[in-house]
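Hi there,

Here is the structure I promised to send over. Have a look at it first, and then read on for what turned up.

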Amino acid sequence: MDYDDSPDEAAFRLELRAWLAANDPGPAPPISDSLAEHEYKKRWQQALYAGGWLGLSWPEEYGGRGLNPFYEAILNEELGAAGVSHAAPPVGWLGRAILNYGTEEQRRRHLPGLLSGETSWCQGFSEPGAGSDLASLRTFAERGHDTYTITGQKLWTSGAQFADWCLLLARTARDGPKHQGISAFTVRMSTPGITVRPFKQAWGGTRFCEVFFDGAEVPVGDRVGEEGDGWPLATVVLAYERGPSELGVIATYRAELRDLIGPSAGDPVAEDALARAYVAVEACRLHLLESLTRRVKGETPGPGSSIDKLLMIRAEQALGTLELDATAASGLTGEDWATPSRYLWSRAASVYGGSEQIQRNIVAQRILGLPRR
Amino acid sequence: MDVQFSEEELLLHESILGQAEKLGPSSVAGYEDFDDRLLWERLAAGGALGLGLPEALGGAGTVSDASIAASALGQALAPVPYLGCGVLPAHLLAAAGADPAVIDAVISGRRRLAVGVDPATFEPATFEPATGRGAPAMGPGAPAMAWDAAGADGALLRGADGGLVVVGLDGPTPGVDLTRVVRRCQPHRPIDAGDLGGPLTPDALRWWRALALGLVAADMVGVMQGGLQLAVEHASTREQFGVAIGSFQAIQHLLADQLVSVAGARSTAVYAAWALQRRGLDEAELAAHTTKAYCSDVGKRLCEAVVQVHGGMGVTWECRAHVFLKRMLFDRAFLGDERWHLRRIAERRRTEAGRGL
């Protein structure tokens, strides 16, 4: 049991801190301006990459540094502590799918650009009829001679309007068990037959999109893994999405907790609610460090990442509500739009990446072993 | 960074849990006149009462080990005063520089001394004349109470010079917890207990209180773990409408939420124990407040869920569900519930923010 940095980790942290102090990306744009947000994140990703801070745990041959995942946790902690946006989170989990399931050629083609920010990616998983029940997806990839023809609709595809590539799940078998007929593809977003329609969110931005595939042709060589490997690939991506990658968010929470001390000072009710949120964030942070240790020791993320996610939801929503309460009136009058946006975004935390209810099902059935119906 | 229990730590947990299950009561009724001596002797013989103390004083292991032992005993609902008459007085005596023979008597299990706790600060109380009639039972102005003091023949208080003294205790009366007792100190009745060392420094008192909080939180983690396990077993076997009730989503989600609570609680308690020996006093104290606040809050709700899942049986002597809840209520009040600790956290953080930390 050791929560301290090793000497190498400590040296890395100091070097990173110095770099961050000299390379402040400036304040992030409001989440209600999705284009500005995208450009800001892209610039920041490119700066981090140029500094050598991305892909820390990726193999060196694909542009990474071959370090253990603790270094990524340190990166995320320090980014949050410095009050800057964490680095393009999808890079980690989409990259993981290509690393684990892609061919050598696919890794060499996609990973460096994904990492450096030269290419932007989106994740085409959910559909109108396949949200929590992802395996019911119906987008179909019809096998031709040397292409697949994709037809269907995706939903909640974050950043699709800015993406160059999409990691797509589509059905390749019409019959048989629904989990087995799914395959994964890398699809160029400029392919004819793809239409993207961003839609406006409650907090004002257009982070999410619908993506329509109307006979888009994808080369057979752009399939990731074998036909039918799509479901295990998706499971890996979602587990990575839920787990210790949240550590960057935790660092942001800690900064927000500090910012709320002043406004709540002298009001015991507000102070106690803030202390309660502090405690919830600590429980989440400390638990994520345990999950991270298991990952460093080679364990593939499994149902335990649902516990990480559920602890994260508790912390995130406690904070969102605190911030709302601290400035309720100015939100209602429209003087302050950022705070209600922050609160509204916190409500999405219990939906994205698998809803809170799905996480509870996973915990109940796969960890506690309660009987399925 | 390496945040994982070692093989040795897992074995320690298994061994203490095994002993407590084997030598503890086998039914709820068994708690009523339980003779704890055999289990107490086994724990002492295995070195559990001196965990975290220096080897020169007969101790072994780390504070983390003591935390693991406390969790195992909580999980088994063990009716032994491991914290109140074992590790906590042993560490307090060591902090005061007491005669090693006195410490040895405690950690070898030969002499049970409790610690009289000030009901306002939750530090060892000061030795004062009896508060007189009409004093409140708890809170500021109440007499010092010795928590988890079964079988103790005296309690440690702080004397006029800031060093330790021993006073008598009122006899135990049955409280809500079937597994441990709280007893009133008799400040007018000093007892000679040998050389108890010198004055305790303010930092030593703060460290001891943080230790006590961290270990009570560890007990709570064990209670949560044991209670949840009982509820899961029941939900997996109890049938209604022709199926196990654990197949209903209402039950599954209730219990899944409790597992999330145990996971968070354990993480805070494990860190608090580690921080006591590896981080500075300020950080260790904040971690102790944090885990005590978190465990008190989610622990009570978890035990209520355990009772709920058991239906009517949960509140009868046929079932241990309410024994978990009652031990949790004891732990929650022991050294301050979540409201008290949240207040301390808020004050601490406000002060630190004011200093620009």
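**The two domains of chain B**

Chain B is assigned two domains, domain 1 (7-191) and domain 2 (202-354); such bounds come from an automatic or database domain assignment. Please keep in mind that this is a predicted model, in which local features need pLDDT of at least 70, side-chain atom pairs count only at pLDDT 80 or more, and totals for chains, interfaces and linings use all residues. Residues are numbered from 1 along each chain as its sequence is written, while chains are lettered from A and ligands numbered from 1 in the order in which they are written.

The centres of the two domains of chain B, taken over C-alpha atoms, are 20 Å apart. Their contact takes 32 residues from domain 1 of chain B and 34 residues from domain 2 of chain B (two residues are in contact if their C-beta atoms, placed from the backbone, lie within 7 Å). On the domain 1 side, helix H3 (63-75) and H4 of chain B are the elements that give two or more residues, and H3(B) has the largest share, with 10 residues. Helices (H or I, at least four residues) and strands (E, at least two) are DSSP runs, numbered from the N terminus. By class, that side has 21 nonpolar, eight polar and three charged residues. Here Ala, Val, Leu, Ile, Met, Phe, Trp, Tyr, Cys and Pro count as nonpolar, Asp, Glu, Lys and Arg as charged, and the others, Gly among them, as polar.

**A helix with a buried face**

Which residues of helix H5 (residues 100-107) of chain B are buried? They are B:Val102, B:Ile103, B:Val106 and B:Ile107. A residue is buried if 20 or more other C-beta atoms lie within 10 Å of its own, exposed if 12 or fewer, and partly exposed in between, with C-beta atoms placed from the backbone. Seen down the axis of H5(B), the buried residues fall within an arc of 130°, so they line one face of the helix; the arc is that of the directions from the helix axis to the C-beta atoms. They pack against helix H2 (37-45), helix H4 (83-96) and strand E1 (113-117) of chain B. Just after H5(B), B:Gly109 has a positive phi of about 85°.

**Where the chains meet**

Between the chains, 36 residues of chain B are in contact with 40 residues of chain A. H7(B) gives the most to the chain B side, with 14 residues. The residues of that side divide into 19 nonpolar, 11 polar and six charged.

**The core**

The largest nonpolar core has 224 residues, and B:Leu93, B:Leu255 and B:Val306 are among those with the most contacts inside it. Such a core is a set of buried Ala, Val, Leu, Ile, Met, Phe, Trp, Tyr and Cys residues joined through C-beta atoms within 7 Å. H6(B) gives the most to this core, with 19 residues.

**A covered strand in chain A**

In strand E5 (residues 182-188) of chain A, six of the seven residues are buried. E5(A) runs antiparallel to strand E4 (residues 165-171) of chain A, joined by seven bridges, and A:Phe185 is the bridge partner of A:Leu168. E5(A) also pairs with strand E8 (residues 223-224) of chain A in the antiparallel sense, over two bridges (strands pair if DSSP finds at least two bridges between them). There, A:Phe185 stands opposite A:Arg223.

Best wishes
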